[in-house]
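Student: I have a chain to go through with you. Let us take it in short questions and answers.

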Amino acid sequence: MVFREKDGSVRVMTKGDIEAQLQKELSSLNCLKENLQRSSQLTRGMTGILTSFEDRLAKLEKTTLPVYNDTLNLQKRQENIQNTLGALDGIIKHYNISQKVEETIREGRITSLENYLECLASVREAMIYFEENNHNSQELQNLTLLFQSGGETLEREFRLLLNRYCKPILPVVILDMLENGPEEGKMSADQLPARAVHELTGIAEWLVKHKREEYMNVYANFRSTIVQQSLQGLKDYQKSLSGGTVSAAAHGSPALSRSRSKDTPDRKSVV
């Protein structure tokens, strides 16, 4: 048999060469078949493993899904219980507030205005709850009476602060302010300390907020009385200096003399 090589040369193959080449090809074919069979076995084994794994996952899901659902339901129930307990705490707080603050409000003496106002705010919050949810309850009536008592105590405290700190201005202070002005005078007419101003302001704001505006008349009457007493004191002081005549006292006071000279026209101009 004639066989042409790749380089173009011609080679004559004998029967032995052909058989040897055939055996070589058969050996390669058998090796390929073995590899193919081995690959098929591995594929079937992997497929079996994946199928088994998928079946196990399905069984696991079937087993754990009810547990997951039960756990989710338990979490929701726990959340509902916590919300319910929180709401009950808020409701119980409204029922207990009167007992908690009654002693402070009915004591009739305010030691800490901030704490007293906080107690009244708690009472008012509880009143709103019962007005919206149980307006016929006895607790609402008790809270209303307690709130009214607190308002009366604040009004009384307002008057006490005015009585404690507001006094008639001394005549010498008035004369000093007339002579030197309220800012440059050596004496001050300020009567209320900063703490008293703060407390009076806080009480007034609370009274206005809750429609208890009678304090305005109390303040106006009290301050007008103080002004009248201050002017009467100045008048008496001038009388004591002048021997009973106000006009002589006015000539003795530079401030009053200057004020008098501005208001009284010159005698020559009148003529």
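Student: What is the accessible surface of the chain, and what share of it belongs to carbon and sulfur atoms?
Tutor: This is a predicted model, in which local features need pLDDT of at least 70, side-chain atom pairs count only at pLDDT 80 or more, and totals for chains, interfaces and linings use all residues. Residues are numbered from 1 along each chain as its sequence is written, and side-chain values use heavy atoms, with hydrogens and water left out. Areas come from the Shrake-Rupley method with a 1.4 Å probe, and for residues only the protein chains shown count as cover. The chain's accessible surface is about 20,100 Å², and the carbon and sulfur share is 54%.

Student: How many helices and strands does the chain have?
Tutor: Both are DSSP runs numbered from the N terminus: helices are H or I with at least four residues, strands are E with at least two. Along the sequence the pattern reads β-β-α-α-α-α-α-α-α-α-α. The count is nine helices and two strands.

Student: Which helix has the lowest confidence, and which the highest?
Tutor: pLDDT is the predictor's confidence in each residue, from 0 to 100. The chain averages 80, and 80% of the residues score at least 70. Residues 244-271 stay under 50. The lowest mean, 30, belongs to helix H9 (residues 267-270), and the highest, 92, to H2.

Student: Why be careful with regions of low pLDDT?
Tutor: Where pLDDT is low, predicted coordinates should not be read in detail. Residues 244-271 stay under 50. For them the model has, beyond four places in sequence, 22 contacts (heavy atoms within 4.5 Å).

Student: What percentage of the residues is buried?
Tutor: Buried means under 20% relative accessible area, exposed over 50%, and partly exposed in between, with a 1.4 Å probe and protein chains only. The chain has 271 residues. The buried part is 21%.

Student: Which residues touch the most other members of the largest nonpolar core?
Tutor: A nonpolar core is a set of buried Ala, Val, Leu, Ile, Met, Phe, Trp, Tyr and Cys residues joined through side-chain atoms within 4.5 Å. The largest one has 29 residues; those touching the most other members are Ile 105, Val 123 and Leu 154. H1, H2, H3, H5 and H6 each supply at least two residues of this core. Leaving aside neighbours within four places in sequence, Leu 154 is in contact with Ile 110, Leu 113, Tyr 116, Leu 117, Leu 120, Ile 203, Trp 206 and Leu 207.

Student: Is Thr 153 buried or exposed?
Tutor: Thr 153 is found in helix H3 (residues 138-165). Not counting residues up to four places away in sequence, Thr 153 touches Ile 105, Gly 108, Ile 110 and Tyr 116. Its relative accessibility is 3%, so Thr 153 counts as buried.

Student: What separates Glu 102 and Arg 106 along helix H1?
Tutor: Glu 102 forms a salt bridge with Arg 106, with the closest N and O atoms 3.2 Å apart. They are four residues apart in helix H1, so the separation is about one helical turn.

Student: Where does Lys 211 lie?
Tutor: Lys 211 has a positive phi of about 60° although it is not a glycine. At 70% relative accessibility, Lys 211 counts as exposed. Its place is the loop between helix H5 (194-209) and helix H6 (214-242).

Terms used: A salt bridge is a side-chain nitrogen of Lys or Arg within 4 Å of a carboxyl oxygen of Asp or Glu.
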